[in-house]
Amino acid sequence: MPKEVKDLQYPIPLQKGVIYGPMSSKRLGKSLGINLLPTDFKVCNFDCLYCFYGRTDYKYSSEHCPPMEGILKEVEAALRSDTYIDYITFSGNGTATLHPEFPAIVREVIALRDKHRLGIPVAILSNSTGLEKPEVLEAFSLFDMPIMKLDAATDTVFKNLNRPRQRIKVSDIIEKLEGMRGITIQTLFVDGEVVNYKGFELERWMEALVRIKPESVQIYTLDRDLVQMGLTRLTDDMLHRIADYTFKTTGVPVKAFLEQK
Ligand code: SF4
């Protein structure tokens with residue numbers, strides 16, 4: 001096992017500010033992170049079993065989110081610096097769409113990117129919620145790379161793995177994703193007490209991909225087993241086989257992100 005995997009802490013501490021990184025990302029290279037959420041506690045409408053920030057403290061949007069003006073000042077300072085970056089990425093301590101001013105912040109950050117870092121793509125790692133609001137959906141169309149989570153396509157596995165806030169249904173998420181264009185789906189496959197990588201679950205997930213028609217799919221697994229959550233990781237070979245089978249079945253390009261050696 002590579003040293004960096006053995007030494008991973010779980011859960012990791014929350015990001016301490018609006019700007020973090022640039023982080024080295026398997027998928028995005030040098031990624032400058034933007035966190036729109038509080039730094040003292042995690043706000044997410046999911047409570048994924050595998051979340052590396054640990055348990056969700058609040059499942060609703062919070063008045064403790066940093067104000068837009070301060071966020072934009074920090075983003076502009078980071079973009080004016082000479083730090084090398086491949087991507088600007090909305091991610092952070094939960095799900096960014098819970099910030100009450102998410103659509104306006106996205107528009108302003110993209111304007112700042114055009115002013116200071118023209119050509120650097122802006123991405124978001126989203127849990128695919130909030131899309132029922134037209135202004136949020138419109139904001140997603142501004143991203144160069146919207147990466148949308150879909151770990152399961154049945155309500156049972158969705159509830160057990162992502163543990164969403166009440167009333168969030170995966171069927172509604174899939175319907176909204178179907179109306180979006182140019183998106184990437186990201187899926188984390190696990191084994192153990194919750195299984196989403198084979199049989200009925202895999203077939204339903206592939207059916208959802210056929211409906212959504214994403215540009216591409218990114219699949220990955222845990223960096224290591226999460227014994228305390230009853231989850232185990234898949235091997236590189238299993239991920240490869242899922243990627244090949246999914247491509248053959250759906251025609252959607254699939255990239256497996258493997259363990260870094
Ligand atoms: S959606 Fe992301 S931030 Fe929220 S609980 Fe899941 S992994 Fe954590």
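Strands β6 (residues 184-189) and β8 (residues 216-221) pair in the parallel sense over six bridges, where pairing requires that DSSP find at least two bridges between two strands. Helices (H or I, at least four residues) and strands (E, at least two) are DSSP runs, numbered from the N terminus. The model is a predicted one: local features need pLDDT of at least 70, side-chain atom pairs count only at pLDDT 80 or more, and totals for chains, interfaces and linings use all residues. Residues are numbered from 1 along each chain as its sequence is written.

**Strands around β6 and β8**

- β8 pairs with strand β10 (residues 254-256) in the parallel sense over three bridges, and Val217 stands opposite Val254 in β10.
- Five of the six residues of β6 are buried, so the strand is mostly covered; a residue is buried if 20 or more other C-beta atoms lie within 10 Å of its own, exposed if 12 or fewer, and partly exposed in between, with C-beta atoms placed from the backbone.
- In a regular strand the side chains alternate between the two faces of the sheet.

- Val170 lies in helix α6 (residues 170-178) and is buried, because 22 other C-beta atoms lie within 10 Å.
- Apart from neighbours within four places in sequence, Val170 is in contact (C-beta atoms, placed from the backbone, within 7 Å) with Ala152, Ala153, Asp155 and Phe158.
- Val170 and Gly70, 100 residues apart in sequence, are 34 Å apart from C-alpha to C-alpha.
- The axes of α6 and helix α7 (residues 199-212) come within 8 Å and cross at roughly 30°; the axes are lines fitted to C-alpha atoms, for helices over the stretch in contact, and angles run from 0 to 180 degrees between N-to-C directions.
- That crossing makes α6 roughly parallel to α7, a term for angles under 35 degrees, with those over 145 counted as roughly antiparallel, 65 to 115 as roughly perpendicular and the rest as oblique.
- Ile174, Leu177 and Glu178 in α6 meet Ala208, Arg211 and Ile212 in α7.
- The residues of this contact divide into four nonpolar, no polar and two charged; Ala, Val, Leu, Ile, Met, Phe, Trp, Tyr, Cys and Pro count as nonpolar, Asp, Glu, Lys and Arg as charged, and the others, Gly among them, as polar.

- The residues around the ligand (C-beta atom, placed from the backbone, within 6 Å of it) are Cys44, Phe46, Asp47, Cys48, Cys51, Tyr53, Thr56, Gly94, Thr95 and Asn127.
- By class, this shell has five nonpolar, four polar and one charged residues.
- Gly94 is in the loop between β3 (87-91) and α3 (102-116) and is buried, since 29 other C-beta atoms lie within 10 Å.
- Not counting residues up to four places away in sequence, Gly94 touches Leu37, Lys42, Val43 and Cys44.
- The C-alpha atoms of Gly94 and Leu202 are separated by 26 Å, with the two residues 108 apart along the chain.

Technical notes
Contact = placed C-beta atoms within 7 Å.
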